[in-house]
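Please consult the sequence and the structure shown here.

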Amino acid sequence: MFSELLGRCVRVVEDDYFQASDLTIALEDQGCDVVGPFSTLAAGMRAFAKARIDAAVLDIHLGAERIYGLADQLNESNIPYLFVTGYDATAIPERFRKIERLSKPVELEKIIPVLTAMISKHASRH
């Protein structure tokens with residue numbers, strides 16, 4: 001268990017049911033409070049105003065939508081997030097190219113340490 005994740009609130013926005021479910025379970029197993037998972041941009045954005053979160057895991061492509069509006073809100077609020085996506089870096093707008101990106105298919109064992117490091121780094125700056 002990664003103690004840095006214990007009690008952290010993480011939003012999951014992923015439109016693939018199985019990936020969203022597996023990620024939610026993995027985060028809960030680490031002691032996270034999971035907000036979501038949400039399968040649409042609208043649902044993810046509505047939840048933004050309702051819940052305090054420490055970090056987010058975002059799929060870029062949600063059906064016909066892209067997650068960039070929510071990513072912009074997270075940037076403005078200084079909330080760390082990572083992309084889990086099938087898109088390569090060249091398909092991502094320039095303003096998001098420095099955001100941590102894990103390529104699908106990704107093993108859950110890779111997401112947890114990246115998320116942990118991201119939250120720890122963010123916490124040490126504040």
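What radius of gyration does the chain of 126 residues have, and why does it agree with that of a compact globule?

## Overall dimensions

A compact globule of 126 residues would have a radius of gyration near 14 Å, and the chain has 13 Å, so the two agree. The radius is taken over C-alpha atoms, and the globule rule is 2.2 Å times the number of residues to the power 0.38. Along the principal axes, the C-alpha atoms fill a box of roughly 35 × 30 × 30 Å.

## Basis of the model

The model is predicted: local features need pLDDT of at least 70, side-chain atom pairs count only at pLDDT 80 or more, and totals for chains, interfaces and linings use all residues. Residues are numbered from 1 along each chain as its sequence is written, and side-chain values use heavy atoms, leaving out hydrogens and water.

## Fold

The chain contains 4 helices and 7 strands, in the sequence pattern β-α-β-α-β-β-β-α-β-β-α. These elements are DSSP runs numbered from the N terminus (helices: H or I, at least four residues; strands: E, at least two).

## Aromatic cluster

Ring pairs link Tyr68, Tyr81, Phe83 and Phe96 into a cluster. Rings of Phe, Tyr and Trp (its six-membered ring) pair if their centres lie within 6.5 Å; planes under 30 degrees apart count as stacked, over 60 as edge-to-face and the rest as tilted. The count is 4 aromatic pairs. Tyr81 and Phe83 form an edge-to-face pair, 5.5 Å centre to centre with 70° between the planes.

The centres of Phe83 and Phe96 lie 6.0 Å apart with planes at 80°, so this pair is edge-to-face. Phe83 lies in strand 6 (residues 81-85) and Phe96 in the loop between strand 6 and strand 7 (101-103), so the pair ties together parts 13 residues apart in sequence.
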